[in-house]
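Hi everyone, thanks for coming.

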Amino acid sequence: MYYGYNDNKELIVADQEFIKLLEYSSFDELNRANILKAVTFEKNRISIALENRYIDADFIDTKLDSSILGSFYLVELKNVSKGKSNEDKSKFKTDLQLIYLDVKKISKDIGLSIEDYKLYIDSFIDQSIIDEKRLIEGNDKVIKNLSNLAVTLKIPEINRLLLKIQKLSHRERMPLIDEYYSKLALITMERPDDEEIDELFLEDDLQENPEEVLNTRFTDLLNKAETSNKNREEDFEDFITEVHTPTVIKPQNSIKEIKLDSVSPLPISYDPQVAADELNLPVELIEEFVEDFIEQAHQDKDHLLTSYYQKDMDNIHELGHKLKGAASNLRINELADILEEIQFCTEHSKLEELIIKYWGHFLSLEDYMKQLNNK
C-alpha cells in the first residue's frame, strides 16, 4: 500500500489499500481530512496518530520526478500494525471566547426585525439541540441544514465549524461536535464591556473547570429549549422552509440576483483517464470521485449564493478553497482555475461573473459525466 505527497506536504495520490487502512471511503475524503498532519517518521518506521488509535509500519520513501506532477515522494508501507491510542482525549480544547452577534446590524442586513432575529437565533439553538442525536449519527442532511441556517443568520464561527464537521468522516467528527455545542453556549446578543469579559473569563471556576462551566450554561440552554420550543416550532418550520427554498433566496440592497438555472454550459476539456494516468489510480475510481465532487458542488450552491448576497467574503473564500482543492486533485483544470479566482477574489463586484463562469463549466462537466454513464 502507498501514498504520495509533494514538497508542499500535499497528498496527491493514495491507493485503495491505504484509504481503507485509515477507514476512509474515498481519496477525496482522505485528502479533506488533512491526514498528513498526523504522520510522523522515525528512523525506518512511520506512525499515523488517529483520533482513538494509531498505525505503525515499515516504509520505503522514494523521491520521483514526473513531467506532470513534478518532484514528489512515494511512501510504500509494509508490515503494518495497529493499536488503540493511549492519548488522553478528555482535554478541553474549546476556545473560550464569546460569540457576539450584533443584532441591530445583522437583522438590518438580512431584512428581519430585531425581535424576529432574536427569535430565530433562539430557535436555531433549539433546533441544534433537537438534532444532537442525528449529528452524532452522522446525518449529513442535518449538518447542511444547520449550516444553511448559520449562513443565513450570519454566524460565521458556527458555520465554519459545521463545514469542518462535514468534511470529516463520521468517526472523526465527535470532538468537533462537542465543540459545536460548547460554542452554542457562548453565543451572546448582548455586547459585553471589558469588565464583563474579564469577570467572565478570569473567574476561578472557569479557569479551573471550563468544561463544567460551559456544561452548566448549555444545560440552561437545554432547559430553555424544552420550555419554549413548542411555542416557536411552527414559526421556525416556516423559516427553515424559506431558507431551503432557492426561489426565495433574495439579494440584499442593490446586489443583482444570480440565476444559475439560466446559465449556459461553457466548454470544458476533461478526461478522467488523463487524471487516472497522472495519479496512477484506476479510472473507475476517478469517475467515482468526480461524481462525489458534482454532488458536493450542488450541495454548496446555495451556500455560495447566500454568501454572495450577504457579502460574506470569508465564507465565499472557504467554499472556493474547498471546491478548488477537489477539482485540482481530479485534474478538472477549468474548474480549479476559476474556483481559485473565487477563493482569492477580494472585490465583491467581480464575483458575479466568476460564479456564472464557474457554474457554466460545471454544467458541462455534469453533462459529460451523464453521457459517460449512459454509454
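Let's start with α14, which gives three residues, the largest share, to the lining of the largest cavity. Helices here are DSSP runs of H or I with at least four residues, strands are runs of E with at least two, and both are numbered from the N terminus.

A word on the source: this is a predicted model, where local features need pLDDT of at least 70, side-chain atom pairs count only at pLDDT 80 or more, and totals for chains, interfaces and linings use all residues. Residues are numbered from 1 along each chain as its sequence is written, and side-chain values use heavy atoms, with hydrogens and water left out.

Now, the terms. On a 1 Å grid over the protein atoms alone, a cavity is a set of points where a 1.4 Å probe fits but cannot get out; a pocket is an open set with protein on both sides within 12 Å along at least five of seven lines; and lining residues have an atom within 4 Å of a point. Points are joined across faces, edges and corners, and volume is the space filled by probe spheres set on them.

So what lines the largest cavity? D28, R32, F293, Q296, K322, L323 and A326 do. At least two residues each come from α2 (27-32), α13 (283-309) and α14 (313-329). The cavity holds about 50 Å³, and three cavities reach 30 Å³ or more.

On to the second largest pocket, at about 820 Å³. Its lining has 26 residues, with E10, L11, N31, G325 and N329 closest to the centre. Here too α14 supplies the largest share, seven residues. Thanks, all!
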